[in-house]
Amino acid sequence: MAFDIEMIKAVYAQMGNRINTARNVVGKPLTLSEKILYSHLYAGEVTEAYDRGKSYVEFAPDRVAMQDATAQMALLQFMQAGKSTVEVPSTVHCDHLIQAEVGATEDLKKAVDTNKEVYEFLASVSNKYGIGFWKPGAGIIHQVVLENYAFPGGMMIGTDSHTPNAGGLGMIAIGVGGADAVDVMAGMAWELKFPKLIGVKLTGTLSGWTSAKDVILKVAGILTVKGGTGAIVEYFGEGADGISCTGKGTICNMGAEIGATTSVFAYSHKMREYLMSTEREDIANEAEKIKEHLRADEEVYANPERYFDQVIEINLSTLEPHINGPFTPDAAWPISDFANKVREHGWPEKLEVGLIGSCTNSSYEDITRAASIAHQAVTKNLKAQSEFTITPGSELVRYTTERDGLLDIFDEMGGVVLANACGPCIGQWARHSNDPNRKNSIITSFNRNFAKRNDGNPNTHAFVASPEIVTALALAGNLTFNPLTDTITNKDGVEVRLDEPKGIELPPNGFAVEDAGYQAPAVDGSGVNVIVDPVSTRLQLLDPFSAWNGADLKGLKLLIKAKGKCTTDHISMAGPWLKYRGHLDNISNNMLIGAINAYNDATNKVKNQLTGEYMEVPATARAYKAAGLGSIVVGDENYGEGSSREHAAMEPRHLGVRVILVKSFARIHETNLKKQGMLGLTFNEPKDYDKVREDDNIDIIGLTSFSPNVPLTVVLNHADGTKDEITANHTYNEGQIEWFKAGSALNMISKKNA
């Protein structure tokens, strides 16, 4: 039987009435996204139609999922909320702290030893507060959620930006910061601006070398990294229904790369088949009873332009395999043109490493398609010309694929199977290189390829493709190889061509596993002690942030004016810094060290206005804080793109940064700033970014009458005695303004529960 089946039945029991009421209130047919959103209102009954992209709405998600790197800070915050147990089903998944170096067995053993105190903390805090705990090696959070917790028509939030993976099983699943998770776990409403809707109509059928991964690679090229911001992407059409459930998950997962709030597919026979295969027949049977509520109304499918804010149409029958990159996931190239682009841009043609797996592409189907290419390598006397790694998504997938002989095929090809964890996808990769700064190329089936993300080398050109394309290119050892048209010389000097990949959606003999890695919490956690060593360098109990003093912010020192792309990886790097995710003061030493200073084009080198010296960003912020001075960060477009990590908001708050002033924000990061009591502002005129000077002292005027939809004034006091006054906009509503005044949203929760 499925986890939380009674909760799922309760959701389904009220869904029909709420959707019918919503349809009457809105006065038109509903998309699937609207059906799920309106049936999950915190207030229950639908009483008004919300404006897309404008109305702030309170929702009641069905569950919360957290990965180990973000769970530490989320649960440290939850401990301050004054609750004895979580109010909704919640889980922790230990997948981010396992570094890929040698192979699965050795790497997992080392991780368990290295991260012992963190795992003990997460296990004990989960045990105390009624949270399901998935041990190291159990698998990557999103694959485990898809296999165990996702259900059609549900709503969940997760402390990872790729939480939308569960949209592959028809769920509205949204990535958030830990403070948002605390709200929901504490039984409070979760607030979200009612999303806009982008419809993607899929016609035709996938075949040959083209896979579900190519759908989202194509969409990323169309919408760019910020084209989905503030919107849910809803896939529909006969082509959508025919894609496997895990293929749908791949597409939804990588929707994070276009800035989308989430992505979702309608309930279909493919979802039923997946639920049955993963031993959740009870959910499948319940979903069948209300399946008309788990799809958009027929009028929506007949005239999508009337019901979506934007509609994109893709013919799967003519879609080419794509390779995206380098340095950004929206640089999309059809494979027929990719070799030309490699030569035209001078990207390193030699392919050094091919990596498959990750939360995006590590299903049974993904591995079988890649294995069909690896099998050809063996039978056609080929050997991988690039280093090649395989990361299974979960212990369920790993055990089943090993049982079915698939992992042995990769071994014969020359591949190395890594632990069931994120590994190289998030920079947890001890890459074998004699020059860590050398210009080189790698290709992955991951989702994100920002500079330095995988191995810390800014000169690594990382490209993204499907697992089967990655496998084929690893055999060739060259980026310009097109497996659809080109041949490879085998060890006998014979030119051979690869046949089209063949995949199996679900294991013919069913899934199997000996130990999935799940640990249930105590029925009564009141006697459980949470384990935190007071002298630990990796865990630190939190102190509340101070409340606003009631005055305008004056004399703020410019800490850094970030130039160009500034993702959460630039603001708070992963990789080796992951070990400090539970210690706010220590991890704050990575704050903005990857951001490019607009005044010298250098990273981690900014002017300390107190001394005139150029120093590291965190050290400069600490100097201002020690002197009792606040500081401000200025940024470019789509600031905070990428991961949901709230450390990128908590670190500046901890080090005395009061304001982030940018041209535009990525959704999750803007919310994270608000939750931590920060002031997130945008230039009314983007060109005013150019008016900010290196030695500026900056005032924020208008906070004493801080109100929704009322801009604030920013005064740039220049070192030469002149000044510029500019207008800054904000998106704070009345409740979020109260977070700012209280010092953080958590301060308000603690006060309320007290």
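Aspartate 543 counts as exposed because its relative accessibility is 66%, where exposed means over 50% relative accessible area, buried under 20% and partly exposed in between, computed with a 1.4 Å probe on protein chains only. The model is a predicted one, in which local features need pLDDT of at least 70 and side-chain atom pairs count only at pLDDT 80 or more, while totals for chains, interfaces and linings use all residues. Residues are numbered from 1 along each chain as its sequence is written, and side-chain values use heavy atoms, with hydrogens and water left out.

Aspartate 543 lies in the loop between strand S21 (518-519) and strand S22 (553-561); helices (H or I, at least four residues) and strands (E, at least two) are DSSP runs, numbered from the N terminus. Although aspartate 543 and leucine 76 are 467 residues apart in sequence, their C-alpha atoms are 10.0 Å apart in space.

Glutamine 77, in helix H3 (residues 68-78), counts as buried because its relative accessibility is 2%. Setting aside residues up to four places away in sequence, glutamine 77 touches Gly178, Ala179, Val182, Leu542, Glu646, Met650, Gln676 and Leu746, contact meaning heavy atoms within 4.5 Å.

In S1, the covered face carries Val57 and Phe59, and the uncovered face carries Tyr56 and Glu58.

Charged side chains come next. Side chains of opposite charge can pair when their charged atoms come close. The structure holds 40 salt bridges, a salt bridge being a side-chain nitrogen of Lys or Arg within 4 Å of a carboxyl oxygen of Asp or Glu. In one of them, glutamate 6 meets lysine 9 with the closest N and O atoms 3.9 Å apart, and these two residues are separated by about one helical turn because they are three residues apart in helix H1 (residues 5-26). Lysine 226 and glutamate 637 also meet in a salt bridge, at 3.5 Å from N to O. That pair links distant parts of the chain, 411 residues apart, with lysine 226 in the loop between helix H8 (212-223) and strand S9 (231-236), and glutamate 637 in the loop between strand S25 (631-635) and helix H22 (647-654).

Aspartate 699, in strand S28 (residues 697-701), is buried yet has no salt bridge, the nearest side chain of opposite charge being that of lysine 554, 5.9 Å away; in this count Lys and Arg are positive and Asp and Glu negative, while His and the chain ends are not counted. The side chain of aspartate 699 reaches the backbone nitrogen of glycine 555 at 2.8 Å, and it makes a polar contact with the side chain of asparagine 717 at 3.0 Å. A polar contact is a pair of N or O atoms within 3.5 Å; within protein, one must be able to donate a hydrogen and the other to accept it, and residues adjacent in sequence count only if both atoms are side-chain atoms.

Finally, some backbone geometry deserves attention. Most residues other than glycine have a negative phi, and most peptide bonds are trans. Glutamate 279, in the loop between helix H11 (269-277) and helix H12 (281-289), has a positive phi near 60 degrees. A cis peptide bond, with omega about 0 degrees, joins glycine 325 and proline 326.
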